[in-house]
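Welcome! Take a moment to look over the sequence and the 3D view, and then we will visit a couple of residues together.

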Amino acid sequence: MSSHISVPKTYKLYVNGAFPRSESGRVYEVLDSKGRFLANAAQASRKDARDAVVAARAAVGGWSGATAYNRGQVLYRVAEVLEGRRAQFEDEIVKQEGVSASAARDQVDAAIDRWVWYAGWADKFAQVTGNANPVSGPYFNLSVPEPTGVVAIVAPQDSALLGLVSAVAPALVAGNTVVVVASEAHPLSAITLGEVLATSDLPKGVVNVLTGSPAELAPWLASHADVNALDLVGASALEWIDLEIAAAETLKRVLTPEEGPDAATPSLARISAFTETKTVWHTKALI
């Protein structure tokens, strides 16, 4: 008989490429679908959210300054690493959501497929959403999309992995950085995704994952002056109109909540939602 003592995993936050505990020292119990203990997860505080925004802001220059082709390569590498750890994701999804192994495999398949789909758009979406404008005179007039900056996201709350990927991936394509509040009930896969990001080529601070209460964290992110946009896809159970009002104080762009098993369906609109259009005039050569 084996005398091995199991070592339960402690799920921490993922901020600035590291895995800190909450500065408050708080944790909360994550339960399976039958109410049994699975793990302790860090319960992020206002200070943790502020630290995540600082990290995201510091990473904007490097990530947005990379070539679109390079961003696509980095995002594709994330999908490769995610594929290599699919067994762990499937196990966590089964335990958290109480679904069958087959359903868990389908969710991981869909999450990987979506990540690859968005990675493929990294060096193509600008050609689709930008354009050359017809103007009178000897000028070129070009409109091009640029990242808006730091995007705060409340992830879908009924999905361990797919909803999270569906919300985070499109924000990264154009060069934005992200602070995401994971599903409160199903946070384990979010931190495992953080481990994937930490061991891929994604620079630190580009994605920051907070676990805990969206009701506690979302108001601080909505009102934070250094957050440029707010995705409330998973905030339908919150007082999200109040969050919109708070976001308006600092002129944030806001996406409203979505519900259903496939919230944040893949689309170019989710990429362009977090871009600003810059129009440039340039004289034609005069002969």
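## Two residues and their surroundings

Let's begin with Glu195, which lies in helix 7, a stretch covering residues 188–198. Keep in mind as you explore that this is a predicted model. Is Glu195 buried or exposed? Its relative accessibility is 18%, and buried means under 20%, so Glu195 counts as buried. Who are its neighbours? Setting aside residues up to four places away in sequence, Glu195 touches Lys9, Phe19, Arg85 and Gln88. With one of these, Arg85, the side chain of Glu195 makes a polar contact of 2.6 Å.

Our second stop is Ala59, found in helix 1, which runs over residues 46–65. Ala59 counts as buried because its relative accessibility is 9%. If we leave out its neighbours within four places in sequence, Ala59 is in contact with Thr177, Lys204, Gly205 and Val206. How far apart in sequence are Ala59 and Val206? They are separated by 147 residues along the chain, yet their C-alpha atoms are 5.6 Å apart in space.

| Residue | Helix | Relative accessibility |
|---|---|---|
| Glu195 | helix 7 (residues 188–198) | Glu195: 18% |
| Ala59 | helix 1 (residues 46–65) | Ala59: 9% |

Finally, let's step back to a longer stretch. An unreviewed UniProt entry places the feature "domain: Aldehyde dehydrogenase" at residues 28–255.

Conventions. Residues are numbered from 1 along each chain as its sequence is written. This is a predicted model: local features need pLDDT of at least 70, side-chain atom pairs count only at pLDDT 80 or more; totals for chains, interfaces and linings use all residues. Side-chain values use heavy atoms; hydrogens and water are left out. Helices (H or I, at least four residues) and strands (E, at least two) are DSSP runs, numbered from the N terminus. Buried means under 20% relative accessible area, exposed over 50%, partly exposed in between (1.4 Å probe, protein chains only). A polar contact is a pair of N or O atoms within 3.5 Å; within protein, one must be able to donate a hydrogen and the other to accept it, and residues adjacent in sequence count only if both atoms are side-chain atoms. Contact means heavy atoms within 4.5 Å. UniProt positions are given in the numbering used here, feature names are shortened, and annotations may be inferred rather than shown by experiment.
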